[in-house]
Amino acid sequence: MRSYDSVQHVRGESKFVDDIAAPEGTLFGYVFYSPIAHGKIKSIDFNETLKVSGIHAVITAKDIPGENQIGGIILDEELFASNEVHYVGQPIALVIASDRVASHKGVKKIKAEFEKLKPVFDPREAFEKGNLIVPPRIFSLGDVDSVWQQCDYLIEGKVESGSQEHLYLETQGALAVPIEGGGVKIISSTQGPTAVQKIAARVLNMPMNKIEVDVPRLGGGFGGKEDQATAWAVMAALAALKLNQPVKIILPRQEDMRMTGKRHPYSSDYKIGLNKDGKILAYQSWYYQNAGASADLSTAILERTLFHSTNSYFIPNVKATAYCCRTNLPPFTAFRGFGGPQAMFVIESAIHKAAHVMGVDPSFIQKKNLLKEGDEFPYGQKTENCRAVKCFEENEKRFDFQSQSVRVKKFNDESKLYKKGIALMPVCFGISFTTTFLNQASALVHVYTDGSVNISTAAVEMGQGVNAKLMSVASRIFSINPDRIRIDTTNTSRVANTSPTAASKGADLNGYATIDACNLILERLKKVARELLSADESSTIEIKDEFVHMNNTKTDVDWVKLINHAYVNRISLSAQAHHSTPNIYFDRTKMKGDAFAYHVYGTALVEATVDYLRGTYVIDSVKVVHDFGTSIHPVTDRGQAEGGIVQGLGWMTLEEIIYNDEGKLLTDALSTYKVPDIHFAPKELEVHFLEDVPNPYGPFQSKAIGEPPFMYGIGGYFAIINAMKEFKPDKEIIYNAPITNEKVLMWLHSND
Ligand code: MTE
Ligand code: HPA
Ligand code: MOS
């Protein structure tokens, strides 16, 4: 089964924001941003800009009729800097011109003077200075302090993980068109149409019903458009209403990389205590999250770090503390895994170091501590249908970990300049927005008189295949050919109050809502069929493969005939349904609750080869056993797993975000920021679907897939580190991701 719009994509026919035929008179906006990391705006002069031919206006904070405030959770982010700037890349003004070239020229002519203030870039330094966005968050279970003395091994350490650029193929952008009555229609490349609508309403001082946000599809989001698509959409709307002309903003790649936030870098400390059997008795961790200059989604991301602090393990005594540190970098934001990967890298580093001290393989400790049925997470939820052990053991068996270890050892004994390393990486990821109220969605389904079906939901298609899944569930409920079904754009006038398509919940929430809406219509249709066929009460009526079946016998009433009959009998062929995830809650006063509908489990086996002379490495293979539940759309799920794994490997290995000591992004192009390509991708990538694992909490027994596989990439780090260790068994290991070729080379050849 192919993906929903793959054919269009391949033919170049899919329309992204910049491809949509712009209305006559569309103007272009280009952003002028802060060149310094921290300071006061002393003066700003647009006179030369306004003289450039084609310039229509310069928009600043002064033009805002409502609030100059785009903060989603915490109100700490201006749309345009008014007095102070807090990072290089912070928008100050928007130049509007009749074409792109003029808008760029106009920005170049702006003269601005700043009074520099001292910036802070390091989260630990921000913490020392008391620059926390919210008070520390703590999750705890048992009592770590009473257990340390009982431990045979106590290990402490520091772990660093770096940022990551989303590099969605379609850069941030929006097209805003004024509509009659003083309203505005915004076509936005956003994961959160309602966030755009709500914040546009706040900035424009206008009711939400005058703002229509439409999202045809995204050329990728990966979390980067959950919150951070809003600014550009709101700027376009503001300019469009001011000038009463359509306005388009499309960030050029380099500007997008400079101005938008990325994955949060973390600096972490840990203390882990084990007994001599390898059981982890206690684990304490401290996360210094580099939040950037404003909160954005940092607090929610910080919490997910705590939720995943113990990854796939049961640890009876845990204390995890997280600090949301304000720095002078662009506000860091959601990125696949949403703080989970950062937490998992810390616990895996702790286990790795402990294994080194104990003289055992890390997999020995991993296996000893895997979650079992009924085990309690540090947030109080207990596991249900726990498949941590099943995935781990199935991986060991299927990919024969023991004999692979023997083969790798033999290779290393014989090879001088190349060494191999292998690592297992178990993953346990919670499915639900940890902000409970976001776990809702709705669907609007229309059946037209020709039997074709149109579905609108809150889900945004960003390449993850949610549309293919929605089409699949609707075709199953109606038992009709999927070709009859079209998934419409995501539109706030058709589907209101949407949660962002995020937290891997898009297909679950909107899938359920679609099922419910389709069922409402199906029930009406069955009643119509019953009348049409003069069936009595005891007869069974079903639709199977486009035909009405009565008492399990096919009738001559087909789908189109049935629909027509319903229509002429004045039966509604439209339905709306709302779904909310039942039985989840999280109590922030206690930091406890059944926050997740369910968990996704899996284990990866990663092998890498390191070249001693060059410091380069190859990821030889990634072999995964993953719990997909009962997949609604296996091709899509496999694609999500493979893509996630490669993106995770990129974060851990090649992708290095570097700012200079004035907070300017140095890695702002693909020549300086290296992402995985086909040559880097693992030579072998095998993803095995765990069998007979229905999930009662997912539509048609499926499981969410978007984020969990990303974290298998962490195994790549340890495979590389293990190979490096083969060259220098006694040298202190570094837990500082990404493990770039440069770092490998330095580690292998420096004498410290
Ligand atoms: N896959 C593609 N191709 N493009 C994307 O932008 N985003 C990821 C994941 N997979 C993304 C993707 C992220 S961060 C999330 S949360 C989920 O898809 C969101 O979609 P879902 O909830 O429908 O799984
Ligand atoms: N995941 C993604 N986005 C979110 C979440 C989450 O858990 N909570 C709030 N926004
Ligand atoms: Mo995904 S980081 O929840 O958009």
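A polar contact is a pair of N or O atoms within 3.5 Å. This cut-off applies to the ligand contacts described in the legends below, all of which refer to a predicted model.

**Figure 1. Polar contacts between ligand 2 and the protein.** A nitrogen atom of ligand 2 lies 2.8 Å from a polar side-chain atom of E226. An oxygen atom of ligand 2 is placed 3.0 Å from a polar atom in the side chain of R304. At T434 the contact involves the backbone: a polar backbone atom of T434 is 3.4 Å from an oxygen atom of ligand 2. On its own, ligand 2 has 260 Å² of accessible area, and the protein covers 98% of it.

**Figure 2. The shell of residues around ligand 2.** The residues that surround ligand 2 are E226, A300, R304, F338, F433, T434, T435, L438, A502 and A503. By class, this shell consists of six nonpolar, two polar and two charged residues.

Figure 3. Ligand 2 takes up the space of the second largest pocket. The volume of this pocket is about 810 Å³. Its lining comprises 33 residues, and those nearest the centre of the pocket are G72, I73, T435, F437 and L438. Helix 5 (193–204) and helix 8 (298–307) each give at least two residues to the lining. Helix 5 provides the largest share, with five residues. The lining of the second largest pocket is made up of 14 nonpolar, 10 polar and nine charged residues.

**Figure 4. Ligand 1 and its surroundings.** There are 18 residues around ligand 1, and G221, F222, M462, G506 and Q640 come nearest. The shell around ligand 1 contains six nonpolar, nine polar and three charged residues.

**Figure 5. Polar contacts of ligand 1.** A polar backbone atom of G506 lies 2.6 Å from an oxygen atom of ligand 1. The side chain of Q640 has an N or O atom 2.7 Å from a nitrogen atom of ligand 1. R336 also takes part through its side chain, of which a polar atom is 3.3 Å from a nitrogen atom of ligand 1. Ligand 1 on its own has 520 Å² of accessible area, of which the protein covers 92%.

**Figure 6. The largest cavity.** Two cavities of 30 Å³ or more are counted in the model. The largest cavity contains about 50 Å³ of space. Its lining is formed by F433, Q440, A441, A458, S499, P500, T501, A502, K505, G506, L509 and N510. Strand 17 (440–447) and helix 14 (506–532) are the elements that give two or more residues to this lining. Helix 14 contributes the largest share, three residues. In terms of class, six nonpolar, five polar and one charged residues line the largest cavity.

Figure 7. Q404, R407, I422, L605, E607, S621 and K623 form its lining. At least two lining residues come from each of helix 12 (401–414), strand 25 (598–611) and strand 26 (617–626). The lining of the second largest cavity divides into two nonpolar, two polar and three charged residues.

**Figure 8. Backbone geometry at S504.** S504 is not a glycine, yet its phi is positive, at about 60 degrees. The residue lies in the loop between strand 20 (490–491) and helix 14. Helix 14 is also the element with the largest share of the lining of the largest cavity.

Figure 9. A cis peptide bond leads from A737 to P738, with omega near 5 degrees. P738 is located in the loop that lies between helix 17 (714–727) and helix 18 (741–749).

Conventions. Residues are numbered from 1 along each chain as its sequence is written. Chains are lettered from A and ligands numbered from 1 in the order in which they are written. This is a predicted model: local features need pLDDT of at least 70, side-chain atom pairs count only at pLDDT 80 or more; totals for chains, interfaces and linings use all residues. Side-chain values use heavy atoms; hydrogens and water are left out. A residue is near a molecule or strand if one of its heavy atoms lies within 4 Å of it. A polar contact is a pair of N or O atoms within 3.5 Å; within protein, one must be able to donate a hydrogen and the other to accept it, and residues adjacent in sequence count only if both atoms are side-chain atoms. Accessible areas come from the Shrake-Rupley method with a 1.4 Å probe; for residues, only the protein chains shown count as cover. Ala, Val, Leu, Ile, Met, Phe, Trp, Tyr, Cys and Pro count as nonpolar, Asp, Glu, Lys and Arg as charged, and the others, Gly among them, as polar. On a 1 Å grid over the protein atoms alone, a cavity is a set of points where a 1.4 Å probe fits but cannot get out, and a pocket is an open set with protein on both sides within 12 Å along at least five of seven lines; lining residues have an atom within 4 Å of a point. Grid points are joined across faces, edges and corners, and a volume is the space filled by probe spheres set on the points. Helices (H or I, at least four residues) and strands (E, at least two) are DSSP runs, numbered from the N terminus. A molecule sits in a cavity or pocket if more than half of its atoms lie within 2 Å of its grid points.
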